[in-house]
Amino acid sequence: MSSTRTAVRTHWVAVRAMLIFTAVLGVAYTLVVTGIGQVVLPAQANGSVVRSGDEVVGSALIGQSFTDASGEPLPEWFQPRPSAAGDGYGGGASSGSNQGPENADLIAAIEERKAQVAEFNGVSEADVPADAVTASASGLDPHISPEYALLQVARVADERGLPESEVRELVESRIQARDLGYLGEPTVNVLQLNLALSELG
Amino acid sequence: MDALFAVMQAATLALILALLYRPLGDYMARLYTSDRDWKFERGLYRLIGVDPRSEQSWPAYLRGVLAFSVVGLLFVYVLQRAQAVLPYSLGLPAVPEGLSFNTAASFVANTNWQSYSPELTMGYTVQLAGLAVQNFVSAAVGIAVAVALVRGFARRNSGTIGNFWVDLFRGAFRLLLPLSVIGAIVLLIGGVVQNFNGFTEVTTLAGNTQNLPGGPVASQEVIKLLGTNGGGFFNANSAHPFENPTAWTSLFQNVLMLAIPFALPRTFGRMVGSNKQGYAILAVMATLYLISLFALSALESGGNGTAPELAGGALEGKEARFGIFGSTLFGTTSTLTSTGAVNSMHDSFTALGGMMPMLNMMLGEVAPGGVGSGLYGMLVLAIIAVFIAGLLVGRTPEYLGKKIGPREIKLASLYILVTPTLVLVGTALSFAIPGIREDVESVSIWNPGIHGMSEVLYAFTSASNNNGSAFAGLTANTPWFNTALGVAMLLGRFIPIVLVLALAGSLAAQDKVPATAGTLPTHRPQFVGLLVGVTVIVTALTYFPVLTLGPLAEGLN
């Protein structure tokens, strides 16, 4: 009898403790951090949105597709990496392909992408960098490698009737160095590059 | 050049952790030994009805842990089932029963295995009132149990090992909460979002539509890592740019995961009255960590396998901003702690590279392990190590002045049997039960062949060791996996806790024996080497056969 009473008492203590934790750690803490974010760092807290003129066209942190209605890549835009999120860069469906190193579908996809990227840019398959033919972990990778960006310069310049040197300069000015000079990899943000490109004409 | 940058990144991480070791470890030691309660804490203790100055025997302490966890399980379950009527649910329906059980078990057991895709399943209220709260309190429970075990070593002729409720509240409010607020602000600066905006539809530059997600992410992200929980706000976890936007936030996330587990040996050393004992445990953890990090980084940079060789590098499932080393560093940290967060997709690692996260978890997550669980796991292995040393020289083993007798060895041996049993039995049953085998093979497994077997092995390894990472191609939202993994997570968490608290009680009751010339010194490199060896050999003997069926077969083919 007394052990039942002890057990009931202990659970009742636990329920009250859980209510306190929910109020403080679930609700109050979240609201305080939200308040700090919205007041002090509103740009970041709301998703680092990027505008073209007055229109929000996306987030600087989230990759997006540059394809036509049927999903074909548009040659006048720099192209991002392949994506496994939804139909490609689906903002509500972040995901990698999760295909293993010996997965036949992945091997076929890489072969196909390699041929497509080479033909699309008029280069040999050996020059296609790895990030151009592999899907990222999130499916929302906003970046490509500087190599992949530079590979696309001739095609984009040609499509837009711009001098190649001008587009190359634009890409080079947009290469983000490693954080602090040694963390991570050098990258190019595709949306921001394309935005700058559209302002070029 | 890449190798140099990798070494510099690892050295930066090591330096930050080294700077945190003493202040954070000492802070925790004071926190858990002080008999002074803050004023608001006294109010809270009155509110819940406990006397903060009363000490508990180990069964009473255990009752507190279990009652609190059962209540947490019910809370999270009910919140999910009631999602349809909760505010800020983004129009999402109630979470189905099986998945609700799995998720509740997962977050209460500090595992954060996710059978679901959060964007499509969990509204904001469930995330913050259910999941984020468990991220705090399940971590505080883990540290409390570790501290109780340390008290067992520190005390003599004592019938008690502390007060669970005091340890729980102090861990949550004095340790995790303030660090989380600071960490959340750092993540916000880096670009992690924190809002209640839901999804925003935008027209992209090329004229397509894209749904940008929102949510109170930064507040949850920080405790997901600091409490070695690992459950992402988004499906892609720390690979999602809104959870982990830059290379430096990724390094910061490594710091968050490792800060408390690597500082706890200091707390241990302080509490048992010898900082050298803490350094010895730290050295074992750091040695195993560095070996594992080097191996995974070498394997992924090597990029062996058909797909990586064809692509020109193992970049499938890795983010451009992190690169290979940013991914292997995070993967190593995440699976050697009990976090299970990912910033790259382990399922797409090279075959032998993908074995490393599995091996990390199979070590029992002790290098440095989850918050609390890493320290108590390592101390159990230390008991095994002094026992083996005692057998070799024919003396009664002792550790920190406590005799390691039959009762202690029985408890420690049972401890190291629990998770391997769950992993191997769970994996075997998935393929042995006829009806379930078909379901596993046709519905759950994503990659065909040997790699598919690795997905199942990874799932049970992750669940039983309370890690939570996955070979995420596996469709785990099925009746079999939701149930079996849910049970594995609960047993993998709470059976070891029962054994550790029993051990704590048994040690606390002993007097201390004075060290003699025949006592094995446990603060010297010799013992560090012995303990590293014991940890590796126990794991290798247990898991080598099953690894040959999975990643070894795939990688050496």
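Helices, as named in this report, are DSSP runs of H or I that are at least four residues long, numbered from the N terminus. In this predicted model, helix α12 of chain B covers residues 323-336 and contains B:Phe330.

**The surroundings of B:Phe330**

B:Phe330 has 24 C-beta neighbours inside 10 Å and therefore counts as buried, the cut-off being 20 or more. Apart from neighbours within four places in sequence, the residues in contact with B:Phe330 are B:Ser238, B:Ser250, B:Asn254, B:Asn343 and B:Ser344. A separation of 147 residues in sequence lies between B:Phe330 and B:Gly183, and their C-alpha atoms are 17 Å apart in space.

**The two chains**

Chain B, to which B:Phe330 belongs, is built with 20 helices and 4 strands. Its radius of gyration is 23 Å, close to the 24 Å given by the globule rule for 557 residues, so chain B is as compact as a globular protein of that length. Chain A has 7 helices and 5 strands, arranged along the sequence as α-α-β-β-α-β-α-α-α-β-β-α. For chain A the radius of gyration is 24 Å, whereas a compact globule of 201 residues would have a value near 17 Å.

**Domains and the annotated segment of chain A**

The domain assignment divides chain A into domain 1, residues 2-43, and domain 2, residues 48-200. The C-alpha centres of domain 1 and domain 2 of chain A are 43 Å apart. An unreviewed UniProt entry places the feature "transmembrane region" at residues 12-32 of chain A. In the model, residues 12-32 of chain A are 100% helix and 0% strand, with 29 Å between the end C-alpha atoms.

**Helix α6 of chain A**

Helix α6 of chain A runs over residues 164-173, and its residues A:Val167, A:Leu170 and A:Val171 are buried. Viewed down the axis of α6(A), the buried residues fall within an arc of 95°, so they line one face of the helix. The face turned away from this buried side carries A:Ser165, A:Glu169 and A:Ser173, which are exposed. The packing partners of the buried residues of α6(A) are α4 (146-151), α5 (153-160), β5 (187-189) and α7 of chain A.

**The contact between chain A and chain B**

The contact takes 87 residues from chain A and 93 residues from chain B. On the side of chain A that touches chain B, at least two residues are supplied by each of α1 (2-40), α2 (42-45), β2 (55-59), α3 (104-121), β3 (143-144) and α7 (190-200) of chain A. The largest share of this side, 21 residues, comes from α1(A). By class, the side of chain A that touches chain B has 40 nonpolar, 38 polar and 9 charged residues.

Methods: Residues numbered from 1 in each chain as written. Chains lettered and ligands numbered in written order. Predicted model: local features only at pLDDT ≥ 70, side-chain atom pairs only at ≥ 80, totals over all residues. Rg over C-alpha atoms; globule rule 2.2 N^0.38 Å. Contact = placed C-beta atoms within 7 Å. Nonpolar A, V, L, I, M, F, W, Y, C, P; charged D, E, K, R; others polar. Buried ≥ 20, exposed ≤ 12 C-beta atoms within 10 Å, placed from the backbone. Arc of directions from axis to C-beta. Domains from an automatic or database assignment. UniProt positions renumbered as here; feature names shortened; annotations may be inferred.
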